[in-house]
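Here are my notes on this model, written as numbered points. Keep the 3D view open while you read and look up each residue as it comes along.

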Amino acid sequence: MEKKALITGITGQDGSYLAEFLLSKGYEVHGIIRRASTFNTTRIEHIYVDPHKSDARLFLHYGDLSDSEQISNVIYNIRPDEVYHLGAQSHVRVSFDVPEYTGNITALGTTRILEAIRRSGNNIKFYQASSSEMFGASPPPQNESTPFRPRSPYAAAKIYSYWMAVNYREGYDIFACNGILFNHESPRRGETFVTRKITRAIASIISKKQDNLYLGNLDARRDWGYSPEYVMFMWKMLQNKMPDDFVIGTGETHSVREFVDESFSYAGLDQDEFIKIDPRYYRPTEVEALVADPDKAIKKLKWKPKVKFEELVKIMVDADMRAAGLEPIGEGDEIIKKKFPDRWWCAD
Ligand code: NAP
Ligand code: GDD
């Protein structure tokens, strides 16, 4: 029988790729969306079919992670086999401005979902979108045994959720997994995260719509991978025999400065002309360096990321050039075609 999945955060970067992936695996996919005054469903419009049509397999339900009753209703009515909990106030810098809201959505939102699953009495597998940000000040490389030393309200909220998932696994025998994912990007990345901010700015600079790019800390180092590859492993974790927690990342690290260098030189621009520092983008406490040690996932899940840092940069620059009506340089498009010939859902 067709499996049913429920995705919170389906309108986000990962949620949209995961929805496509699960549809390609034959799932009936349900997503929770927030009511917004403007459309927030751009990333999933291309897979949406009128729900009245017989071939519709993607269904959207209004709800908010602050509203336990609605969450419970959706879970009770749909009876999903798997819940992928990706919804969150996911921006680290913003979490310093709205720490209480971040706690309510990113931390307590998880408890609302877990309680709804527990009370439903159904056998529902649960994926928690945990984050490398939880490692914070713990020096790299970071793996499943590295202590959490959070450096932001976002990280503290994610640690709360991590432990709630572990507690519901141990206390109520719920098949709950934490995917501790390092930074992963794509052309669908939110526009205020640093990689996308840079690649969009390149297209705007070439189009003469932007003169400068203002950034914060250029020395921070991140382990950046390609989002479509990461969402497949969310699913893989839930197909394992036993529930477990996994670090997913490339094992390579680069600074924000290196991302700027690589992307500006790919686009043939002189970064010195355009990059300016704005201290408003500094964080009260920063995570200096993240580097995954994904050995457990390599051994147990056969994790093997295909897209390297330089390739990710090219994929993102090409996509933003195309979105701005410019002719892409083309190497990024070639990488997608070559590395994912049978995975149409990886292309944007
Ligand atoms: P994203 O693009 O920011 O998407 C966040 C999603 O959460 C959006 O669909 C958003 O809906 C939804 N959301 C926010 N507040 C909500 C609320 N109050 N009620 C219901 N839904 C709400 O994030 P992402 O990059 O896809 O990441 C997915 C998850 O993985 C997040 O939990 C993130 O913290 C975590 N994570 C991400 C990374 C990464 O590098 N991308 C790494 C580790 C962990 P709207 O469209 O309505 O805003
Ligand atoms: N956003 C942003 N904007 N970041 C900047 C800027 C800027 O103008 N200038 C420098 N940075 C630096 C930040 O200080 C940080 O060290 C680094 O770039 C990456 O910032 P983000 O792209 O905002 O991502 P993040 O690492 O803080 O958080 C992302 O990854 C986490 C996993 O480690 C988010 O996706 C989180 O949701 C995710 O959990």
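1. Start with ligand 1 and its polar contacts (pairs of N or O atoms within 3.5 Å; within protein, one must be able to donate a hydrogen and the other to accept it, and residues adjacent in sequence count only if both atoms are side-chain atoms). Asn40 has a polar side-chain atom 2.9 Å from an oxygen atom of ligand 1. For Tyr154, the distance from a polar side-chain atom to a ligand 1 oxygen is 2.5 Å. Arg189 puts a polar side-chain atom 3.2 Å from a nitrogen atom of ligand 1. On its own, ligand 1 has 900 Å² of accessible area, and the protein covers 89% of that (areas come from the Shrake-Rupley method with a 1.4 Å probe; for residues, only the protein chains shown count as cover).

2. Before you go further, a word on what you are looking at. This is a predicted model, where local features need pLDDT of at least 70 and side-chain atom pairs count only at pLDDT 80 or more, while totals for chains, interfaces and linings use all residues. Residues are numbered from 1 along each chain as its sequence is written, chains are lettered from A and ligands numbered from 1 in the order in which they are written, and side-chain values use heavy atoms, with hydrogens and water left out.

3. Who sits around ligand 1? There are 26 residues around it, and Thr11, Arg34, Leu86, Ser90 and Tyr154 come nearest (a residue is near if one of its heavy atoms lies within 4 Å). By type, this shell splits into ten nonpolar, eleven polar and five charged residues (nonpolar means Ala, Val, Leu, Ile, Met, Phe, Trp, Tyr, Cys and Pro; charged means Asp, Glu, Lys and Arg; the others, Gly among them, are polar). Helix H1 (13-24), helix H4 (99-120), strand S5 (125-131) and helix H5 (153-172) each supply at least two of the shell residues. S5 gives the largest share, three residues. Helices (H or I, at least four residues) and strands (E, at least two) are DSSP runs, numbered from the N terminus.

4. Now for ligand 2. It has 24 residues around it, with Ser131, Ser132, Tyr154, Arg283 and Glu286 nearest. The side chain of Ser131 has an N or O atom 2.5 Å from an oxygen atom of ligand 2, and for the side chain of Lys197 the distance to a ligand 2 oxygen is 2.7 Å. Alone, ligand 2 exposes 710 Å², of which the protein buries 95%. Helix H6 (194-206) and strand S8 (213-215) are the elements that give two or more residues to this shell.

5. Why does ligand 2 lie between two domains? Domain 1 (4-184 + 225-248) and domain 2 (187-223 + 253-288 + 307-339) both give residues to its shell, so ligand 2 lies between them. These bounds come from an automatic or database domain assignment.

6. Two backbone details are worth a look. The peptide bond from Pro140 to Pro141 is cis, with omega near -5 degrees, and Pro141 is in the loop between S5 and H5. Asp173, in the loop between H5 and S6, has phi near 60 degrees, a positive value in a residue other than glycine.
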